[in-house]
Amino acid sequence: MTDQVAFDIDKRSHVPVLIFDEPSELARQAARQVRTLIEAKAAAGARAILGLPTGSTPIGVYQELVRMHREDGLDFSNVVTFNIDEYVPMQPDSLQSYHRFMHENLFDHINVPEGNIHIPRGDLPPEAMDQHAAEYERAIQSAGGLDLLLLGIGRSGHIGFNEPGSTPEDRTRLIVLDEITRKDAASDFFEEKYVPREAITMGVGTILDARELILLATGSAKAAIVARAVEGPITSMVSASAIQLHPNCKVIVDEEAAAELQGRHYYDFVFANEPEWSAYR
Ligand code: PGA
């Protein structure tokens with residue numbers, strides 16, 4: 001390949017998608033990207049500001065980060081975290097709370113300083129939520145903004161809990177959960193009727209302000225919504241489609257979640273020709 005035709009990822013025609021055979025490979029790839037950022041920031045004497053999701057999808061990524069900490073000594077002392085969302089109402093020690101999820105799956109097993117951890121609160125009285133949401137936005141800004149934000153995607157098309165109707169102008173706020181989201185959460189709450197009706201979430205605008213996005217999806221239940229998010233029209237009815245507006249976004253999926261994508265040849269070409277990615281093939 002000559003220099004003139006060398007692949008230039010900035011001239012891409014789609015959001016780049018990395019497709020892995022197995023969820024475990026996807027988890028390793030995403031964790032490597034987090035590690036690269038943490039180490040680069042540490043080498044520069046700076047902090048790494050991470051945005052983190054909950055749900056079943058990122059669990060493998062967190063397991064891999066814990067392994068990197070234990071076995072390779074990956075140091076999280078320069079890391080600052082902001083979680084994307086939390087149910088409302090929700091006590092932090094409840095079984096289904098994202099505070100509890102994050103501590104059990106990641107924070108209790110690494111050396112991120114407790115004071116560097118930020119998770120939106122679901123335990124405040126309703127009249128305090130607007131102020132808390134505004135303070136959460138300010139905390140992200142005063143940390144210097146998010147360097148890297150990992151995202152899951154729900155079958156409603158949400159990123160964070162930005163349900164259909166959310167727009168790129170939206171900031172951290174209270175939102176009413178979509179019916180699909182409440183159905184998908186029913187098993188965590190034993191019955192759908194116990195799933196909270198609301199949540200606090202970073203807005204699509206907050207998400208788009210991150211300097212880098214990585215959206216993760218696994219399993220056949222996500223195939224249709226992944227295709228709509230990545231290849232469908234950008235629409236507030238599929239909040240995740242807003243990632244198409246982001247200049248530095250990657251989508252990392254397994255074969256099952258990739259099944260309905262039309263642009264497979266393009267993604268495979270990018271994967272094979274983008275040095276940072278092809279190293280993992
Ligand atoms: P899941 O949730 O990882 O449990 O599928 C993703 C989401 O709803 O954002």
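This is a predicted model: local features need pLDDT of at least 70, side-chain atom pairs count only at pLDDT 80 or more; totals for chains, interfaces and linings use all residues.
Start by colouring the protein by pLDDT. The average is 94, and 93% of the residues score at least 70. Now select residues 1–7, where pLDDT stays under 50. For that stretch the model has 6 contacts beyond four places in sequence.

Next, centre the view on the ligand and show the protein surface. The space that the ligand takes is the largest pocket.

Hide the surface again and select the residues around the ligand: Gly55, Ser56 and Thr57, then Gly152, Ile153 and Gly154, and finally His158 and Lys222.

At Thr57, pick the side chain: one of its N or O atoms is 2.5 Å from a ligand oxygen. Move to Lys222, where a polar side-chain atom lies 2.6 Å from an oxygen atom of the ligand. At Ser56, turn to the backbone instead, as a polar atom there is 2.9 Å from a ligand oxygen. How much of the ligand does the protein bury? Taken alone, the ligand exposes 280 Å², and the protein buries 73% of that.

Notes: Residues are numbered from 1 along each chain as its sequence is written. Side-chain values use heavy atoms; hydrogens and water are left out. A residue is near a molecule or strand if one of its heavy atoms lies within 4 Å of it. A polar contact is a pair of N or O atoms within 3.5 Å; within protein, one must be able to donate a hydrogen and the other to accept it, and residues adjacent in sequence count only if both atoms are side-chain atoms. Accessible areas come from the Shrake-Rupley method with a 1.4 Å probe; for residues, only the protein chains shown count as cover. On a 1 Å grid over the protein atoms alone, a cavity is a set of points where a 1.4 Å probe fits but cannot get out, and a pocket is an open set with protein on both sides within 12 Å along at least five of seven lines; lining residues have an atom within 4 Å of a point. A molecule sits in a cavity or pocket if more than half of its atoms lie within 2 Å of its grid points. pLDDT is the predictor's confidence in each residue, from 0 to 100. Contact means heavy atoms within 4.5 Å.
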